[in-house]
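Visitor: I have a chain open here and would like to go through it with you. Can we take it piece by piece?

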Amino acid sequence: MTALVNLLDFDPEQLIAYCGELGEKPFRAKQLQRWIHQFGVSQFDQMTDLAKSLREKLATRAMIAAPNVISDNTSSDGTRKWLIDVGQGNAVETVFIPEENRGTLCISTQAGCAVNCRFCSTGKQGFNRNLSVSEIIGQLWMAEFELRKTKGIATGPKGERQITNVVMMGMGEPLLNFDPTVAALRLMLDDNAYGLSRRRVTVSTSGVVPMMDKLSQECPVALAVSLHASNDALRDGLIPLNKKYPLSELMAACRRYLEFAPRDFITFEYCMLDGVNDSDEHARELIRLVRDVPCKFNLIPFNPFPESGLKRSANPRIKAFAQVLMDAGIVTTTRKTRGDDIDAACGQLAGEVKDRTRVQERMQKMAEYQKKFGENFGKIVEITQ
């Protein structure tokens, strides 16, 4: 038997092409896309405005299948985290962060990550493989309709959208899985699917310069850059990719991207590491580094884990660092921590199925650290300005 085609793998143009192969006109693809992405329907016999002949063809040739959910946890602050099975003992995580006037979904693009930033426990899992389009967009498809189901909200355009913003900041480096990431982005932006604004979809990168340029031409959305250091020597030790694409090249790529971006600034993510990158001089160095790049800074309190050998900057130090940037006229925020009680905070996403990071051993170490240094060791606390 011929394997069934997963329609979640098709972006809008690809779905039109597929319908053409079936002898159908382009408007059928748009109808089909609305049933899948606006109504969350996975059974063709429920797609009542499609011709019966088309439904019968699809039933024997295609399917609509997102990856299976292994676990579903909700934090005390409303953050919800799903562990998603992507096969061969690998899993990725998807996190929904509800706020008063928006709902943000953090999506993964790879199983594991090859960039191996020193301060990121996710990277310590190692890299297994890129996710397919259906595994990337399937996270949004699953989450949107699960959230609606939980709240009793109708599917379709008339039902209140639960996910208003998407950030590709989960497991993996999106720009090292370029084509499936862009196909998923096109579905997020398409009016016959999720209809999200380019300003409300953000790709985060550690600085893959050639792919930043390619993204600016193929599907420019909001861009966040994991910076985390103010000079090359420091960044080489924190983000090995910097040795290939140093800061001068990265800043030039940011300036080029802004010519096509939906927002007039780049967001720089900066993890605050005690005694490593958090001095006033580091802040002043950053000011000089980004002087020609319209930007805002998002300071991230580090989430400690034993293997890193790093500690979180103290709250007063984070505030002082932020003040130096703000005094220079740079918009600066400190990330409000969400979901730390279910390991959904920044840098904590590490699939729990295949024990690539000796999870049980790490948990035992963490318990020992907490006994020695207090129960709050390893937890992120909210920093207020």
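Guide: What follows is a walk through confidence, strands, helices and an annotated site.

Visitor: What is the mean pLDDT of the chain?

Guide: This is a predicted model. Its mean pLDDT is 88, and 86% of the residues reach 70 or more.

Visitor: Where does pLDDT stay under 50?

Guide: Residues 346-360 are one such stretch, and there the model has 52 contacts beyond four places in sequence. Residues 378-385 are also below 50, with 32 contacts in the model beyond near neighbours in sequence.

Visitor: On to the strands. How many residues of strand 12 are buried?

Guide: Seven of the seven, residues 266-272, so strand 12 is largely enclosed by the rest of the structure.

Visitor: And which residues sit on which side of strand 12?

Guide: Ile266, Phe268, Tyr270 and Met272 are on one side, with Thr267, Glu269 and Cys271 on the other. Both faces are covered.

Visitor: What does strand 12 pair with in the parallel sense over seven bridges?

Guide: Strand 13, residues 295-301. In that pairing Met272 stands opposite Pro301. To get from strand 12 to strand 13 the chain passes through helix 9, residues 280-289, in a right-handed β-α-β crossover.

Visitor: How many bridges join strand 11 to strand 12?

Guide: Three, and these two strands run parallel. Val225 of the pairing stands opposite Phe268 in strand 12.

Visitor: Helices next. Which residues of helix 8 are buried?

Guide: Leu247, Leu250, Met251, Ala252, Ala253, Cys254, Tyr257 and Leu258. The buried residues pack against helix 6, strand 11, helix 7, strand 12 and helix 9.

Visitor: How far does helix 8 reach?

Guide: From first C-alpha to last, its twelve residues reach 17 Å, close to the 16 Å expected.

Visitor: What about helix 4, how many of its residues are buried?

Guide: 15 of its 19, so to speak mostly covered. Helix 4 takes in residues 133-151 and reaches 27 Å, close to the 27 Å expected. Just after helix 4 comes Gly152, with a positive phi of about 70°.

Visitor: There's an arginine in there, Arg148. Buried or exposed?

Guide: Arg148 counts as buried, because its relative accessibility is 7% and the cut-off for buried is under 20%. Leaving aside neighbours within four places in sequence, its contacts include Glu160, Arg161 and Gln162.

Visitor: Changing topic: which residues does the UniProt "binding site" annotation cover?

Guide: According to that unreviewed entry, Gly172, Glu173, Ser204, Ser226, Leu227, His228 and Asn303.

Visitor: Where is Glu173?

Guide: In the loop between strand 9 and helix 5. Glu173 counts as buried, at 3% relative accessibility.

Visitor: What is Glu173 in contact with, leaving aside its neighbours within four places in sequence?

Guide: Thr109, Gln110, Cys113, Val115, Ser204, Thr205, Ser206, Gly207 and Val208.

Visitor: Last one, strand 4. How many of its residues are buried?

Guide: Five of the six, residues 80-85, so strand 4 is largely enclosed by the rest of the structure.

Visitor: And which strands does strand 4 pair with?

Guide: Strand 3 pairs with strand 4 in the antiparallel sense over five bridges, and Asp72 has Trp82 as its bridge partner. Strand 5 also pairs with strand 4 in the antiparallel sense, over six bridges, and there the partner of Lys81 is Val95.

Visitor: Which glycines in the turns have a positive phi?

Guide: Gly78, at about 95°, is in the turn of the hairpin formed by strand 3 and strand 4. Gly87, at about 90°, is in the turn between strand 4 and strand 5.

Methods
Residues numbered from 1 in each chain as written. Predicted model: local features only at pLDDT ≥ 70, side-chain atom pairs only at ≥ 80, totals over all residues. Heavy atoms only, no water. pLDDT = per-residue confidence, 0-100. Contact = heavy atoms within 4.5 Å. Buried < 20%, exposed > 50% of the residue type's maximum accessible area, 1.4 Å probe, protein only. Helix = DSSP H or I, 4+ residues; strand = E, 2+ residues; numbered from the N terminus. Pairing = 2+ DSSP bridges. Right-handed = clockwise from strand over helix to strand, strands pointing away. Expected span 1.5 Å × (residues − 1). UniProt positions renumbered as here; feature names shortened; annotations may be inferred.
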